[in-house]
Amino acid sequence: MASTAPASTHHERPPLYRDVTVVKWVVQIIALLLTLGALWFLANQAGDNLKASNVPTDYDFLSVNPGIDLSSGIDTDPDTGGRALWVGMVNTLRMAIAGILVATVIGVLIGLSRLSNNWLLKKLGTVFVETLRNVPLLVQILFYGAVFASLDRVSLDVGPVNGWFHVSNKGLSMPRVHIADGFYQWMIVIGIGLFAANLLRKRRIAQQDLSGEETYPILSAFGLVVIFGALGWFIHPIFGFVGNIFDGLSSVVSAVPEGALQILVALLSVGTSVYWIRGFLNSRRTPAGLAKLTDDDYFRMIFAGVGGVLGAVFFLVLWPGLSSWMINSGSDLFEVLGNKFGNGRSGRPVDVALPDIVQVGKFPNYGPSGLNFSIGFAAVFFGVVFYTSAFIAEIVRGGILAVPKGQTEAAAALGLRRSTALRRVIIPQAARVMLPPLGNQYLNLTKNTSLAIAVGYSDIVQVGQTVYNQTGKTLPVVSIWMFFYLSCSLSISVIVNFFNVRMRIVER
Amino acid sequence: MSIDDATTAANDRLADRDDMIVCVDVDKFYGDFQALKGVTATIKEGEVAVVCGPSGSGKSTWIRCINRLEVHQGGDIVVDGIELTNDLRNIEKIRSEVGMVFQQFNLFPHLTVLDNITLAPIWVRKKPRAEAEGMARALLDRVGIPEQAEKFPGQLSGGQQQRVAIARSLAMEPRVMLFDEPTSALDPEMIKEVLDVMKELARSGITMMVVTHEMGFAREVADRIMFMEGGEIVEVGTPEHFFTNPTEDRTKLFLSQIL
Amino acid sequence: MQDANQVSASEEFQRGLEEGQGSPHEAPSLPVGQWLRKNLFSNWANGILTLLGALAAVVALRGVLNFVFSENRQWDAVRTNLRALMTLSYPESQYIRVWVALGFVVGLAGLSAGIWANWGGVSVRRISTWLMGTGALLALCVIVREPSVILGSDGKVIRTVDGSLRRESFMDAMADRSTWWLAAVLLLAVGAALWSRFSDPARRRIEVSVTSVVFVGLGLAILSLWIAPYGHYAYISATKSYVAESGRTVAFSTKMPWTVMLILLSGFFFVGRFFQRGRYLGLVKGSSNVLWLISPLTLFWVVLRDPALDYGHVISTDLPMGLAFGLLGGALLWGLTRSDIGEAGRITATVLLVFAVFNWVAAFFGWYPMLQKARISFLLLALAALLAPNFIGEVAKRRQLVLGWVGVTALVHYLATMINTPSTVELQSTEFLGGLGLTLFVALIVVLLSFPLGVLLALGRTSKFPIFRMLSTSYIEVIRGVPLISVLIFFSVMVPLFLPDGMELAELAAVLTGYTLFSAAYLAENVRGGLQSITKGQYEAADAIGLTSAQRTGFIVLPQALTVSIPQLVGQVISTFKETSLLAIIGLFDFLRVANSVIPAQSEFMGVKREGILLVAMIYFFFNFTISKYSQRLERRVGLGER
């Protein structure tokens, strides 16, 4: 009697327009098609319009001399458009990395001062944070730029420390510590030192665990690195032979046939998706056989499969030039490395150069010797550093406040010293809260360097704008911007995620 | 004693009633974990069925499959002659015929008690607001908290919240009420007030399926008790049979732990 | 580029809770000596930090004061260009329109404040500490500022042989600043008097309402316009000359409108207060909300732009069309909400939707002509028809839908007609409005438009439909990965390329589009945070009582999610406002551009940038600081209310 389900309804399929699964997928596929259609339409339109206006969208300008000068960077007179954009990217990255380091330090200090029980420090921290984060970054950058522009003329006799450190309407100049002859070989010695130091550290920790006596693992490891560094200063020329190895690698890479690499890349693409699908199916396998798959599961597998095949098609058909590019650049890379480690390099690894001043036409300016920061760099740098540090201060403060009071009390009840409690209990928990928003701020800082365009510092956006003003290739330049910034975002989130995951494992 | 025997041996009162919920060989997987293994049972119109068992035995999963909060992957579920398939219309129908009360109440915290109760009658049943409010007040009266209509759920005690949740389900005038551990999240002194409401409901003749650990309630009002373990129904019987001479060892073990 | 203003907000909220419901400032006050020891000199390290901090503070303050009051500053550049900073090229002859628009907003603000605001009170003792604090700070400022430069008889600075400036002696400087001293002493004295008078336990808790403090403050400020000699400054664009007469009160054309503004603000505030207790509160609340929503559009396109209506066309085309859509559409919706409509309703709505979308496709390809208004109306009608099943039932509910439709139709047709009519304002540049007006307009429009888009994207990203999720996620992540400036440049340069032949989009519209699309991605992330805080049980309960997924989203999920994400949304509004400064880079004349490029190009103020930028910074700071403080207060109150 229990199984007398009404036969009429048994396994009857509903009409298509009322079937949940069918409706769900039809709606989604229509949405997808509409989106793709709209994109296709826009791209088509843009193509037509570009053709009509006689501006072809190709990337030829990357290898043509753009005839532009850059205000600052590793190469202020680039000979190709690609080189110019490259200089812009380096400038952006330089600004971003320096900014992130300095902003973190300032931000942490301000954040801690807002938490201190000293009334004055707390108020000063609040004023700093509230002022800087409520004024738009661009306004701050323009203000700093205007202030720098109104400083005195350049002169070696004027500057906070004459001959060493100068501030003027041409920006800042200070001694430059630069890579010299034997640097890369020296780095090999230091690398060996780091490896040895790590071994030493582990050994010392093991000893300490065994005997319970303090063995100073970090200190001794650090000492070992210093010893290796000092030793390497003198013996680095013995690593000259590494250059030959790289030269050899360069010729090996250039001998790789293009077709083979192409097929390898395509296979890799298909292989990855097959591997993923197999892994996915395995995760759905039960002792009683394959579990019933939902339509989402099928979607994922189809998506992965199509992605893999599309990747292969892309490498084989749409962009066959990739393999030759990979081979050339790989062999070039090894050749450059070979030069860096050349046998003849035996000079000092690192050198210092003091600022100098040269006459450019009628006006004096900083010469190439010292480490110079143009007004643009200084304005953008101070702008992003102060602005971001205000946000970092809030994150630090929020993170520490987020640790419940009970944790401090529990640590105290266990008899931990305040410093130990901070190091072992409070900071690990606060860091976990702080890390994701901190990563976000680093990302923001990187993107904010694009405001350099307002004060003429040659970052990627400013260089890009100059390039497309010269060549009219707006779309390619914009695509390069997008690609560059998306890669930056991706790398920062990968790094942040790495630490995030580590932090969690450490905690558990 | 097989499950089918127990089903037919259930309370005579229900022998000639129609089937309300019919489950045949219901399977449910979470990834590679099988939560329900061929669950087969029939619940008659007006029957009060109590499902018990240790945690993780699949009883909540089963009850949630019955109004399709979870989608079963094998077997058939038929509620009041409507089969639970992918048919949109069937799902709509079943949702409005089956009321459900949750362990965590799940009241809408941003709406007043009255709005919580009238929301579905107005927007699903398309009732005029005045009528819906009148019914809501009557239901609040029935569950014993007529004076709380204008308050927000956050201002009520757990027991009061659960009673509002029951009123909210009843407002749809369901033919079946499902209770998913309705008293597990309550403080001991509030359990009774909720159980009293449920007992009153049981006597009113509505079909009820209750997942609970309250054995006193089961003994008093259940027509049948089903014991589940490991995703299967292990034993079915009247309260008398169940509490006095359970046949299965697993049932005995469970009863010895819980009583 | 977006940021997290909300971090502090939620913490303050947390701490507010910990400190209990009462005012957190009622801790028994310590004697000065003990207070100093406890808060500044509790131990050696702390004492040294205090001294260093004090030194840094004084040096910074001195730097700022010397900068602001330096003889080299040309504040005239800002004073004479105030109007340019606010509205740039808006013609003098029609300036009354700017005041009318502002007056409308001010009146509306007063009304809303009257209805909603319940700012509570502030104790007289706190006011007295503010007064004393201000007095002390003023005295400190007077002392630390370096002595003035001595001016020669020709009004120019005198330089010594080595080029440095000659300054008066310290005592002379103090004597010169006697007015400031007087003010500082007065503030200190009044503060101290209040403090001592209200120090006994009985009077300690006496409070005055914040509202009256604000109104007294505003009143005093406006009154000073009539009395204090702020000076009369103006830039006359016609002759490119400027007026700078110090020692006078401000121009009548400045002080009179501001006085009217104060009267409007306070008048409507009391109107709001009156309705707060009355029967029509719901109606007034609703209409003030609607006014807030439509006022940016109306003020910008109707009041400020003063469209030249062609009444013949209005009567022959616009009016009949609006009436037809309103009445026929209303009739259709009335029919669609019949209780016996069944499947026919859904089919009608779908057919309408297909037809409406097809009209837009046809527009892109130019298959057949149709007024844009009709296309928009058909689309809106299709959406209303899709919503219709929710309103099936009693007559009141059906009437709600029909009346809503008629209202929306009227508004859309009115605005569309106005926007399509050419402006009568004599343009002096490409955009008829610039300066702060443009900044505020862009910020408002972007916030208004990006809100629905952001919510949709957030719903897409949290949807259980994989393709929707994929599309929204990739959109959000790509947009969030690139800087705003590249998006803006892309839109201002590229949009003309994407449009079909014959379609044009003004620079401002292109930028608004780009900025809205950008802002929506960030807003979506904020809303997503709120969506994720909704427990699974809420979804299940909504399903279990039979709500459709649209009803579940609209009645259960979104109201809760949006409430939770209020702090983040306010942070987003602040970010959006701050980032309107980027308009200056892509060639729109917002007030930063005026300060950074327009003023420094005037012959009298060649290269004078810092003063203007500083003023811009102060205005941005004022707006953002006020918004964030208000949202913190609001949040604390909402949070406490729920408990």
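I take the bend at a residue as the angle between axes fitted to the seven residues ending there and the seven starting there, and I count helices as DSSP runs of H or I of at least four residues, numbered from the N terminus. The model is predicted, so I note that local features need pLDDT of at least 70 and side-chain atom pairs pLDDT 80 or more, while totals for chains, interfaces and linings use all residues. Residues are numbered from 1 along each chain as its sequence is written, chains are lettered from A and ligands numbered from 1 in the order written, and side-chain values use heavy atoms, without hydrogens and water.

**Chain A, a bent helix**

I looked up H13(A), residues 418–448, and found that its 31 residues place the end C-alpha atoms only 38 Å apart, short of the 45 Å that a straight helix would reach at 1.5 Å a residue (the expected span being 1.5 Å times one less than the number of residues). I then located a bend of about 40 degrees at Ile426(A), with Pro428(A) following within four residues.

**Chain C, H18 with H19**

For helix pairs I use axes fitted to C-alpha atoms over the stretch in contact, with angles from 0 to 180 degrees between N-to-C directions. H18(C), residues 435–462, and H19(C), residues 466–481, pack at about 125 degrees with axes 7 Å apart. That makes H18(C) oblique to H19(C) (under 35 degrees counts as roughly parallel, over 145 as roughly antiparallel, 65 to 115 as roughly perpendicular and the rest as oblique). On the H18(C) side, I find the contact (heavy atoms within 4.5 Å) made by Leu457(C), Gly460(C) and Arg461(C).

**Chain C, H19 with H21**

The axes of H19(C) and H21(C), residues 507–532, come within 9 Å and cross at roughly 115 degrees, and the two helices are therefore roughly perpendicular to each other. Among the residues in contact I list Tyr475(C) and Ile476(C) of H19(C) and Leu517(C) and Phe518(C) of H21(C). By class, I note eight nonpolar, no polar and three charged residues in this contact (Ala, Val, Leu, Ile, Met, Phe, Trp, Tyr, Cys and Pro count as nonpolar, Asp, Glu, Lys and Arg as charged, and the others, Gly among them, as polar).

**Chain C, H6 with H12**

H6(C), residues 96–116, and H12(C), residues 252–277, pack at about 30 degrees with axes 7 Å apart, which makes H6(C) roughly parallel to H12(C). The contact includes Gly103(C), Gly107(C) and Gly110(C) of H6(C), and Trp258(C) and Phe268(C) of H12(C). I record its residues as 15 nonpolar, seven polar and one charged.
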